[in-house]
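Me: I would like to learn how to read a model of this kind. Please take me through one feature at a time.

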There are 2 protein chains.
Amino acid sequence: MKVRILVSLKDSVLDPQGQTVKNALHTLGYDSIKDVRQGKVFEIELEGISEEDAERVVPEISDKVLANPIIEKFSWQILEKD
Amino acid sequence: MKVRILVSLKDSVLDPQGQTVKNALHTLGYDSIKDVRQGKVFEIELEGISEEDAERVVPEISDKVLANPIIEKFSWQILEKD
């Protein structure tokens, strides 16, 4: 099974990386860019696990390892089933 | 308009960050994790731009600024239309 997890800063948290990218794009003349938020994406291949177990394991590892729940949020989806 | 751009290493490129995450998960006992690939996600708010223009601008900035086309690939989707 393949899953995709998106981790991004909570909306209330400043995103200096995203701001830097936005400024770079403005410098290049892309004035239609109003805001940029940058985050991380993880594509994870799971083996020998049921969909039910994945529903438990994926949020668990997102919360424990992939994201910092104080300042980050995550969402996930199944890309490929077994 | 809001778009999401996913940037990840090409499949042929080694991903030491992803490997480190995989090893950390194995250490914690998550043995069902077979592979981890890590990438970047950008959520960009565009203003005063048609969908047609976005179809041109988004791949352009992805190729020029957000991704390194030598080692990275990108995909994108529209999250919210105006």
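Me: What covers the buried residues of H1(B)?

Reply: Some conventions come first: this is a predicted model, in which local features need pLDDT of at least 70, side-chain atom pairs count only at pLDDT 80 or more, and totals for chains, interfaces and linings use all residues. Residues are numbered from 1 along each chain as its sequence is written, chains are lettered from A and ligands numbered from 1 in the order in which they are written, and side-chain values use heavy atoms, with hydrogens and water left out. Helices (H or I, at least four residues) and strands (E, at least two) are DSSP runs, numbered from the N terminus. The cover of H1(B) includes strand S2 (33-46) and helix H2 (51-66) of chain A, and also strand S2 (33-46) of chain B.

Me: Which residues of H1(B) are buried?

Reply: Buried means under 20% relative accessible area, exposed over 50%, partly exposed in between (1.4 Å probe, protein chains only). Gly18(B), Val21(B), Lys22(B) and Leu25(B) are the buried ones. They lie on the same side of H1(B) because their arc around the axis is only 100°, taken from the directions from the helix axis to the C-beta atoms. Pro16(B), Thr20(B) and Thr27(B), on the other side, are exposed.

Me: What follows H1(B)?

Reply: Gly29(B) does, with a positive phi near 100°.

Me: By what turn can chain A be laid on chain B?

Reply: Two copies of a chain are related by a rotation about an axis and a shift along it. Here the turn is 180° and the shift 0.0 Å, with an RMSD of 0.0 Å, superposed by least squares on the C-alpha atoms of residues with pLDDT of at least 70 in both. That is the relation of a two-fold axis. In chain A, Lys40(A) has the C-alpha nearest the axis, 2.2 Å from it.

Notes: Contact = heavy atoms within 4.5 Å.
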